[in-house]
Amino acid sequence: LKDLIIEKTNVSSVDSRSNSTDNWAHEQPVQEEAKEPSLEEKYEELEKQHAKLKDDYLRKVADFDNYRKRMIKEKQDAFDYANTAILTDLVAILDDFDRGLAAAQDASDVKSVVDGIKMINKQMKGFLESKYNLSSYCEAGDAFDPNIHEALASVPADVKEPVCAEVYLKGYKLKDRVIRHAKVMVHMPNAKTEETAKEEAGAEA
C-alpha cells in the first residue's frame, strides 16, 4: 500500500510538471519574423525623402535669395544716404545764408553784410574741420610742392626755390589725403639767381 501511494505521488508530480511546461509554452508570445518591405513601400519611402529634401532645398534657395536682396538694398541705402550727416550740417549753413541775404536787402551798411558773410564762412570752415577733418592749405609765399600744388602759371623771379606767388584756389585735405590740389601761380628761380646760388655754394665749399 505504501508503494502504491508513492507511485501515485510520483505520477502526480510528473503530470504537474508536464502541465506547467505546456502552460508556459502557451503563454510565451510567438516571435514573428521581420517582414521585408515590398518594392512599393520602399518606393513610397524614397518619394517621401525626395519630397522633403526638395522642400528643404527650395526653402534654403528662397532664404538665400531674400538675404541677397536685403544685402543689395542695404548697400544701396548706405550709398544713397552716406552723406546725410554732412548735408544736414550744410542745410544749417544754407539757413544762415538765407537769413544773411534777407538782411542784406534792407541793410544800409555794406560792412555789416560783409561781416555776416565772413561769420558764415568761418562757421562753415570750423565745422568742416572739427567734425569732418577737412582742412584748407596754401598761402602765398609757401614753397611749391608738386605733390599738393598745381601750377597754372609760372614767372621767373629772384627766388632760390620755386615759391607759390599767388593762390588761385586753395587746396583741401581730408585728414592726410589731398582731395583738391591748390591751384597757384609759381615764381621760378631765374637763370641769374641760379648762377648766384651755385657761386655761393662753390664759395662755401
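In this predicted model, the axes of helix α3 (residues 84–105) and helix α4 (residues 110–132) come within 10 Å and cross at roughly 175°. Axes are lines fitted to C-alpha atoms, for helices over the stretch in contact, with angles running from 0 to 180 degrees between N-to-C directions. The helices α3 and α4 are therefore roughly antiparallel (an angle over 145 degrees). Residues in contact (heavy atoms within 4.5 Å) include Leu90, Ile93 and Phe97 of α3 and Ile120, Phe127 and Leu128 of α4. By class, this contact has 12 nonpolar, one polar and three charged residues.

The 23 residues of α4 should span 33 Å at 1.5 Å a residue, and the distance of 32 Å between its end C-alpha atoms agrees with this. The expected span is 1.5 Å times one less than the number of residues. At the start of α4, a side-chain oxygen of Asp109 lies within 3.1 Å of the backbone nitrogen of Lys111. Asn133, with a positive phi near 55°, follows the helix. Ile120, Phe127 and Leu128 are the buried residues of α4 (under 20% relative accessible area, 1.4 Å probe, protein chains only), and they pack against α3 and β1 (134–137).

Strand β6 (residues 182–189) contains Val184, which counts as buried at 0% relative accessibility. Ala153 is 31 residues away from Val184 in sequence, with a C-alpha to C-alpha distance of 7.1 Å. Beyond neighbours within four places in sequence, the contacts of Val184 include Cys138, Phe144, Ala153, Cys164 and Tyr168.

Residues are numbered from 1 along each chain as its sequence is written. Local features need pLDDT of at least 70, side-chain atom pairs count only at pLDDT 80 or more, and totals for chains, interfaces and linings use all residues, while side-chain values use heavy atoms, leaving out hydrogens and water.

Definitions and conventions:
Helices (H or I, at least four residues) and strands (E, at least two) are DSSP runs, numbered from the N terminus. Angles under 35 degrees count as roughly parallel, over 145 as roughly antiparallel, 65 to 115 as roughly perpendicular and the rest as oblique. Ala, Val, Leu, Ile, Met, Phe, Trp, Tyr, Cys and Pro count as nonpolar, Asp, Glu, Lys and Arg as charged, and the others, Gly among them, as polar. Buried means under 20% relative accessible area, exposed over 50%, partly exposed in between (1.4 Å probe, protein chains only). A polar contact is a pair of N or O atoms within 3.5 Å; within protein, one must be able to donate a hydrogen and the other to accept it, and residues adjacent in sequence count only if both atoms are side-chain atoms.
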